[in-house]
Amino acid sequence: MPAAIPTPDADVKLWRNARLVTMASPSVEPIDNGVILTSGERIVFAGAASEAPDGTYEDIDLGGRLVTPALIDCHTHIVHGGNRAREFEMRLEGASYVDIAKAGGGIVSTVRATRALSVEELVEQALPRLDTLLGEGVGTIEIKSGYGLSIEAELNMLRAARELGNRRAVRVVTSYLGAHATPEEYKGRNAAYLDEVVLPGLRAAQAEGLVDAVDGFCEGIAFSPEEMAQVFDVALELELPVKLHAEQLSHLGGTRLATRYGALSADHLEYIDDADAEAMANAGTVAVLLPGAFYAIRETHKPDVAALRRHGVEIAVATDCNPGTSPLTSLLLGMNMAATLFGLTVTECMAGTTRTAAQALGLLDETGTLEAGKSADFTVWNATSVAELTYRIGFNPLHRRIFKGKAT
């Protein structure tokens, strides 16, 4: 609901003289002489100065700069131990992602490093990655578990994610990803791993208030649609929304499984077909594209963006920041990659890291656009148009990041 017009003694600020892009509509054409009126953590008004409510407010001049909603990175794995630089070398030498996984690398190698760390150590290792993303205007970030693969280690990852939200001015959304890979001690015994670790771990995470959504990796080297259905059944029982890593390396049917469960998003999607896109549109499931992973593993099969557009599927863009297949800590670069590699437009990239990214997290009522009643999360750029944010490579035009009405 729109916020009430603030009383004179409220914490009210008028952020004026902006080239304002609210993302409340598909247009990315800035409103010249735009203003944002905030009261505490909330937006009261965002639009043309001529339409703003009258009153006496604290006045903040934004110098004619571009202002957009704060960016949202809706798919990350920033909590983990160690790195996989050696696997990067192996890929350069010709090894495929599947080859590396079968040789004991991939996700399982990060599990060993992650299990060795305490919650505090996980937080300390993740903070530089988080700070880099915040330094580019990110105000909301999704963080997954999935490198613990034991009940306590998965819970520790989620505890670390929650603590990151306490240490920094950022909104953290957590996803339980116990069904990410099968650990070495359960090799060849997926059913036992699901029964003894994934499902009881999910219940424990929900009981501790650590989980906002449930994810999984549906792939030949991970879990089948039938196995993922067992996890999603428990998620629905616990009234938790679901999402899924699907169709990244092959066409296994994960996307349509996700849509049958009303998934918030299906992510990666390099091997989707037209029927998958139609199912996503019917379910309202967001397509989260991850060009960093496509680039890092040197994939050649691109997501069918034309099919997504044809069926009206909303498209988000995220970093997939992780130690092995997308060591990317720049959402701005992710936007450029989405445009350059996948053919997304500037408008799609901007929506995909604001409005649609919020939708992919179930947060569109709270953030992602600049509208009355929403959280005052916005970013001030040393730029004049949204195109500049997608166009540049390796350049950060951030001037100021505002989170819940406060400059950070």
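Student: Which hand is the crossing of α6 and α7, left or right?
Tutor: α6 passes α7 in a right-handed crossing. A crossing is right-handed if the near helix is turned clockwise from the far one by less than a right angle, and left-handed if anticlockwise. This is a predicted model: local features need pLDDT of at least 70, side-chain atom pairs count only at pLDDT 80 or more, and totals for chains, interfaces and linings use all residues. Residues are numbered from 1 along each chain as its sequence is written, and side-chain values use heavy atoms, with hydrogens and water left out.

Student: Where are α6 and α7, and at what angle do they cross?
Tutor: Helix α6 covers residues 190–207 and helix α7 covers residues 225–237. Their axes come within 11 Å and cross at roughly 20 degrees. Axes are lines fitted to C-alpha atoms, for helices over the stretch in contact, and angles run from 0 to 180 degrees between N-to-C directions. Helices (H or I, at least four residues) and strands (E, at least two) are DSSP runs, numbered from the N terminus.

Student: What does that make α6 and α7 to each other?
Tutor: At that angle, α6 and α7 are therefore roughly parallel to each other. Angles under 35 degrees count as roughly parallel, over 145 as roughly antiparallel, 65 to 115 as roughly perpendicular, and the rest as oblique.

Student: And α4 with α5, what angle do they pack at?
Tutor: About 55 degrees, with the axes of α4 (residues 119–134) and α5 (residues 151–167) 9 Å apart. α4 and α5 are therefore oblique to each other. The crossing of α4 and α5 is right-handed.

Student: Switching to strands. What is the order in the open sheet of 8 strands?
Tutor: The order is β5-β6-β7-β8-β9-β10-β11-β12, and the pairing is parallel. Two strands pair if DSSP finds at least two bridges between them.

Student: Which strands stand at the edges there?
Tutor: β5 (71–73) and β12 (315–317). Each has a single partner strand, so one side of each is left without a neighbour in the sheet. From one strand to the next, the twist averages 25 degrees.

Student: What about the open sheet of 7 strands, what order does it have?
Tutor: That order is β3-β2-β1-β4-β13-β14-β15, with mixed pairing. β3 (42–48) and β15 (406–407) stand at the edges with a single partner strand each, so one side of each lacks a neighbour in the sheet.

Student: Which sense does β1 pair in with β2, and which with β4?
Tutor: β1 (residues 12–20) pairs with β2 (residues 31–39) in the antiparallel sense over 6 bridges, and L14 stands opposite L37 in β2. With β4 (residues 58–69), β1 pairs in the parallel sense over 7 bridges. There, the bridge partner of R16 in β4 is D61.

Student: And how do β4 and β13 pair, parallel or antiparallel?
Tutor: Antiparallel, over 4 bridges, with β13 at residues 378–381. In β13, W381 is the bridge partner of L66.

Student: Which residues lie nearest the centre of the largest pocket?
Tutor: A101, K102, V108, T182 and I221, out of 20 lining residues. The elements giving two or more residues to this lining are α2 (97–102) and α3 (107–115). α2 gives the most, with 3 residues.

Student: What classes are in the lining of the largest pocket?
Tutor: It has 9 nonpolar, 8 polar and 3 charged residues. Ala, Val, Leu, Ile, Met, Phe, Trp, Tyr, Cys and Pro count as nonpolar, Asp, Glu, Lys and Arg as charged, and the others, Gly among them, as polar.

Student: How many cavities of 30 Å³ or more are there?
Tutor: The count comes to 1. The largest cavity holds about 110 Å³ of space. Its lining has 13 residues, and Y97, I107, H180, N322 and T325 lie nearest the centre.

How values were computed: On a 1 Å grid over the protein atoms alone, a cavity is a set of points where a 1.4 Å probe fits but cannot get out, and a pocket is an open set with protein on both sides within 12 Å along at least five of seven lines; lining residues have an atom within 4 Å of a point. Grid points are joined across faces, edges and corners, and a volume is the space filled by probe spheres set on the points.
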